[in-house]
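Welcome! Please take a moment to look over the sequence and the 3D view, and then go through the briefing below.

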Amino acid sequence: CIIFKIDKRKIRESRKIIFRNLMSEKFQAVVIGGGPGGYVCAIRLSQLGFKTACVEARNTLGGTCLNVGCIPSKSLLNLSENFQKAKKLQNLGIEVGEVKLNLEKMMKNKEKSVSILTKGVEFLFKKNKVSHFNGTGSIASANEVLVTTKDNKKISLNTDNIIISTGSIPVELPGIKFDEKIILSSSGALDLKSVPKKMVIVGGGYIGLEMGSVWSRLGSEVHVVEALNYITPGMDKEISSEFLKILKKQGIIFHLETKVQNIKNEKNSAKVSIQDKTGKNSELIADVVLISVGRKANTKNLNLEKIGVSLDNKKRIKVNKEFRTSTKNIFAIGDVISGPMLAHKAEEEGIAVAELIAGQSGHVNYDLIPGVIYTSPEVAVIGKTEEQLKEGNIKYKVGKFPFMANSRAKTVNNAEGFVKILADEKTDKVLGVHMIGSHVGEMIAEMAVAMEFGASSEDIARTCHAHPTFSEAIKEAALSVEKRAIHS
């Protein structure tokens, strides 16, 4: 009898603890992940009349892109470019004193930009009445998301729809762990406390080359190790070749057709063992090594297998055309599904899935997702490459125009690169545009709009462009498709 009373008391106490720690709220939609895809999706759902919550594990909204990716990297790319330009002002007739680097101030400026923008997303949530839960989200069932807060409290969110937008994480090399001091992911490369004398970058893709550009401008000796015989895999080969020439001219050292055999962390430096295409082995000793070999879907701890959500062989979530998973009311967008791991692609999917849930016709045109590398010069691409057109046996015409012949580019001493337009041989419809040069990251938007409306190269050629502007190179490249460029 006494034992029975003690057990009963413990049960009552347990119930009180559960009641205190497990709060429950009801929503029509819960988004897991507050990155570009997730927060945009949550805002659009709320605009469409859904009571919406967004769960984010970080203390700030914006995901990898805003906190440790796109935004801070663009801040450093801009500041390092200005630093490099300032050192060359005397050549342009502008007398200045000695130009010095204050890395601490530069990093504070980067952090200020991130802080302003993350607070901006918080404001947008309040404005659009999106409930924000700071904690790790996991899916307890098809209609319940369980949030674990930093102080280990549990919050149950009951919902009609769940949208997974947990993004991606950097891929580690087998047996090599990020310590973010010597062995870096992209996050660590954005937060170095001093300029490394020597940096080795493993991988010649977008992220590695952007980070390499930053630290090279600030004084590092940068080496890029790439297994292929070219950089920026998937890009039009002509652009890739030109980009490689320019980066080499800037002082970045490339080891192409070279594989990393091993990386040894030696406390204050790293020893990178490499092997070239001939089988010759050598070593690179560096202050830091940036591993930039890609990213993978961040689906860990979501409880997906337990609730029956199917994954592909790359551990990405399988979805249909409506972004539905194998569980009808659970959706997925962004880096956790197939396709380019780009913030703007995730945003488009976020809006599309919100509108589809609302019974509208959400849509993403995957043939027209622009890609930009924010180095100096920039690289911007959209649509098909020459290699893809050849592979698909599609007959095409090519129009090219160099910035060397563009008056604005020459005036401001930014005349590297060119614009290349690929058009269908019969219909003249623009199939792909590839640019390398100053401001092309902004210029690509013109071609995105034109191609979305099915423009021909003649449509572009007959559109008046302001003079003198960089964008005139687009018009001239379009004229060049029919061999009638005026200025080259």
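## The largest cavity

The lining of the largest cavity is made up of 6 nonpolar, 4 polar and 1 charged residues. Here Ala, Val, Leu, Ile, Met, Phe, Trp, Tyr, Cys and Pro count as nonpolar, Asp, Glu, Lys and Arg as charged, and the others, Gly among them, as polar. The model is predicted, so local features need pLDDT of at least 70 and side-chain atom pairs count only at pLDDT 80 or more, while totals for chains, interfaces and linings use all residues. Residues are numbered from 1 along each chain as its sequence is written, and side-chain values use heavy atoms, with hydrogens and water left out.

- Residues lining this largest cavity are P170, V171, S185, S186, I207, L290, I291, S292, V293, G294 and R295.
- On a 1 Å grid over the protein atoms alone, a cavity is a set of points where a 1.4 Å probe fits but cannot get out, and lining residues have an atom within 4 Å of a point.
- The volume of the largest cavity is about 70 Å³, a volume being the space filled by probe spheres set on the points, which are joined across faces, edges and corners.

**The second largest pocket**

- A pocket is an open set of points with protein on both sides within 12 Å along at least five of seven lines.
- The second largest pocket has about 1,200 Å³ of volume.
- Its lining holds 37 residues, and E81, K85, S376, N413 and N414 lie nearest the centre.
- Helix 4 (70–87) gives the most to this lining, with 6 residues; helices (H or I, at least four residues) and strands (E, at least two) are DSSP runs, numbered from the N terminus.

**Helix 7**

- Helix 7 (residues 206–217) has 12 residues and should span 16 Å at 1.5 Å a residue, and its end C-alpha atoms are 17 Å apart, which agrees; the expected span is 1.5 Å times one less than the number of residues.
- Of its 12 residues, 10 are buried (under 20% relative accessible area, with a 1.4 Å probe and protein chains only).
- W215 and R217 are among the buried residues of helix 7.
- Just after helix 7, G219 has a positive phi of about 125 degrees.

- An open sheet is formed by 3 strands in the order 12-13-14, with antiparallel pairing; two strands pair if DSSP finds at least two bridges between them.
- Strand 12 (259–265) and strand 14 (281–286) stand at the edges with a single partner strand each, so one side of each has no neighbour in the sheet.
- Strand 13 (residues 270–275) is joined to strand 14 by 6 bridges, and Q275 has N281 of strand 14 as its bridge partner.

How values were computed: Buried means under 20% relative accessible area, exposed over 50%, partly exposed in between (1.4 Å probe, protein chains only).
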